[in-house]
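Work through these exercises with the structure open beside you. Each task is followed by its solution in steps.

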Amino acid sequence: MTVDHKRTPLFSALKEHAERNPIQFHIPGHKKGVGMDPEYRAFIGDNALSIDLINIAPLDDLHQPTGVIEEAQHLAADAFGADHTFFSVQGTSGAIMTMILTVCSQGDKIIVPRNVHKSVMSAIIFAGAKPVFVSPVRDKNLGIDHGITTRSVKRALERHPDAKAVLVINPTYYGVCADLKEIVDLVHSYNIPVLVDEAHGVLIHFSSKLPISAMEAGADMAATSVHKLGGSMTQSSVLNIKEGRINPSRVKTILSMLTTTSTSYILLASLDTARRHLALNGEELADKAIELAQFARHGINEIPGLSCFGEDILGTEATFNYDPTKINIHVRHLGITGYDAENWLRDHYNIEVELSDMYNILCLITPGDTHENIDTLLNALRELSSQNYNIRPATDLIIKVPSIPQLTLTPRDAFYGDTEVVPFKESADRIIAEFIYVYPPGIPILLPGEVISQDLIDYIVEHVEVGLPVKGPEDRSIQNVKVIVETNAIF
């Protein structure tokens, strides 16, 4: 079958269907907007509402595609260099859960970085799997985590050759990559599949100037956020698969189990058209984003008290390559936190950043940016610098990341175990039964089944007091925490 990337089988079918203007006796109940709130209808527009449809025969069915969705996924597989590509309307989280639930059953081990997204841990709980944690490399100068190294994966595999999979984040949220090809080759030498969280890497497959993509590196599965950086609508992603160690029919079944039966055709069509745009113009789009990002990086590095890493970060095992479109602005030398900088930019320049932490703010540059955007950002940062640099003492970079807590129960057993609620500040040495994480980026500090240490209590309390977004526990204020009931010893 010849592949013509100018085609958008699903989007074209939707437009043709809307033009025929059929009388609809099916959901959604708004019936092309007529039955909905008029203000919302006027704002969203009748075009969008005319393709807010469901899996009727002419439009195929995501759960068992045999028509235009199948064709759209086939084109996407060609574009991403995969054997099979499945569309996800459950975001990359749904795709990540599918990867893990495809390879893991009750009691199976899976090797994962400790700084995984919470969707990974959710899947581990659902599967009843046992995570084997590998520590990411922490950057002592920036106070952020990079990826896991080949050496650390090798150590984990030597100790756990019976693991069912290895999960790698590539690139990290901050755009840094270890040597993915080397890791894939190593893991494959044990005949174990490699799963890649490629949430922040949709453009990399389409540009020779960006790091290697999961499919290019020979990974078995990759969950890729098209919506984050590739131009589709929020919540739409793809799951890319190489056959061999992975059974695509099994993947389909799991993905279907996790997916709503009322799949959004607006989201699906945006994946179909984003694929067209990336396949035809990806190199050019990436070039534009890289050029803007390097202009921003150069400008930021000239501002007193601010820095933005680039090629200077390369050269270690954890920093084998990087994606220049991620702009990490280190604000510690201004004597403020990243959180302060985020709020200041919002209040004074109406700028919203991707995330902030104690020492950094992260800005994502995409093909949707302009020179005007970048100039506004640079002007804002110059003013931020002039108000703080040499006026406040630089904040000390204190890497107080407590050691990885001991996992004493499987996350599933803890999550579903007998629990009680205790004051968080008095919970040292108890086994936690819920998540505590900082979002964004959604990385857990404590996972169900881990032992709470005093170090961790201090670390979390400090984050809460600085105003950083600590989330997860049922008690939103984090005054109390859910722990496993302790059984008294029998003497």
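**Exercise 1. Is Cys 177 buried or exposed, and which cysteine sulfur is closest to its own?**

Step 1. Cys 177 has a relative accessible area of 2%. That makes Cys 177 buried (under 20% relative accessible area; exposed is over 50%, partly exposed in between, with a 1.4 Å probe and protein chains only).

Step 2. The closest cysteine sulfur belongs to Cys 308, 15 Å away, so the gap is too far for a bond.

A note on the source: this is a predicted model, where local features need pLDDT of at least 70, side-chain atom pairs count only at pLDDT 80 or more, and totals for chains, interfaces and linings use all residues. Residues are numbered from 1 along each chain as its sequence is written, and side-chain values use heavy atoms, with hydrogens and water left out.

**Exercise 2. Describe the largest nonpolar core.**

Step 1. Define it: a nonpolar core is a set of buried Ala, Val, Leu, Ile, Met, Phe, Trp, Tyr and Cys residues joined through side-chain atoms within 4.5 Å.

Step 2. The largest core holds 35 residues, and Leu 10, Leu 14, Phe 87 and Leu 268 have the most contacts inside it.

Step 3. Helices H1 (9-20), H4 (68-80), H9 (226-229) and H11 (265-300) each supply at least two of its residues. Helices here are DSSP runs (H or I, at least four residues), as are strands (E, at least two), numbered from the N terminus. H11 gives the most, 10 residues.

Step 4. Now look around Leu 14. Setting aside residues up to four places away in sequence, Leu 14 touches Ile 51, Leu 53, Leu 59, Tyr 265 and Ala 269 (heavy atoms within 4.5 Å).

Step 5. A second, separate core has 33 residues, including Ala 127 and Leu 255.

Technical notes: Disulfide = S-S within 2.5 Å.
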